[in-house]
Amino acid sequence: MIQIQAALFWAYAIGATFAVAAGRQLQIWERLSVGEGPRTRSRVANPYLTLTLLFATVLLVPTGLFLLWQNPSWATMQVADAHGGIWAGFVLFYAGGVPVATLLGFTAAQALVLMGAGYWAYLQTVGGYFLVFGTLIHGWDGSGYARFFSTGARDFADWPKDSVVNNVLDFLTSGTFLALLLLGAAVIGTMLVTEISWLMEGWDLPGGDEDRKVPRILAIAIAAAGVYGLPFVGALVASGLVRLLGAVFGLLLFAVLAGVVLLHRRSPVRWLYGLVGIPERHWRASGDAVAERA
């Protein structure tokens, strides 16, 4: 239910976010798998991955294809005027690419969680959502936001003739926005409920709440700000720097700033991550009966 150019980034980010939310459960699943002697469970064949792929195939793909059929101009960010401007094979690649990107995001974040590098798994979500918001805000030519808030190619061509406020109001009263509102309630609602429930499920495990340093509602708010708010602000900053300094120098400066904010050991983002209680290292539920291998 998002424009085609950002769809695969969103799918990757969702997969990574689901894996991070279920980080403690995935670590337990891995230990149970190893503890059975000869491996009888695949590291990726677990119920959390199954539900993640079910979400991608049942909600993400159909809603995206619906919008592509209903309004191909908006769905392609005004690149195609009508159905005739879309290659049929592209639709096939989109339908197959979304579950694959979701799988890649989940397995990449899961691998980092199982290595005890939970913060780096979280950075997979930040990177994915940064590319989503960067595409929608800036795009490939600086007009991403105009392409998003235009219901068709004609509206996009006429964008400079009216104020930004009026253009946005026209979009908010369009059938395309109504479709986004209805589909978003199902897709984004299900996504958020799943992420929050898996996060709380991890806290409810024996000993799983020991790392959380703030009340649950505040921890959920911090997690949401870190997963969605931080990349959105980052995309705005990156777009502004590119407009001021050009693509090369703007992105170089942004990369330096992002490195300081995200990678420094005493960065505020790392500190906030530590408040939520998502595993940042190898973790064992208290009372876990699986024996450590020598």
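The model is predicted; local features need pLDDT of at least 70, side-chain atom pairs count only at pLDDT 80 or more, and totals for chains, interfaces and linings use all residues. Residues are numbered from 1 along each chain as its sequence is written, and side-chain values use heavy atoms, with hydrogens and water left out.

The protein has 13 helices and zero strands. Helices are DSSP runs of H or I with at least four residues, strands are E runs of at least two, and both are numbered from the N terminus.

| Property | Value |
|---|---|
| C-alpha box along the principal axes | roughly 70 × 40 × 35 Å |
| Accessible surface (Shrake-Rupley, 1.4 Å probe) | about 14500 Å² |
| Radius of gyration (over C-alpha atoms) | 21 Å |

A compact globule of 294 residues would have a radius of gyration near 19 Å, so the protein's 21 Å agrees. That rule is 2.2 Å times the number of residues to the power 0.38. Carbon and sulfur atoms hold 72% of the accessible surface.

Of the 294 residues, 47% are buried, meaning under 20% relative accessible area with a 1.4 Å probe, protein chains only. The largest nonpolar core has 69 residues. Such a core is a set of buried Ala, Val, Leu, Ile, Met, Phe, Trp, Tyr and Cys residues joined through side-chain atoms within 4.5 Å. Helix α1 (4-21) gives two or more residues to this core; its 12 residues are the largest share.

L60 is among the residues with the most contacts inside the core. Beyond its neighbours within four places in sequence, L60 contacts residues including W10, I14, Y94 and V187. Contact means heavy atoms within 4.5 Å.

Terms used: Buried means under 20% relative accessible area, exposed over 50%, partly exposed in between (1.4 Å probe, protein chains only).
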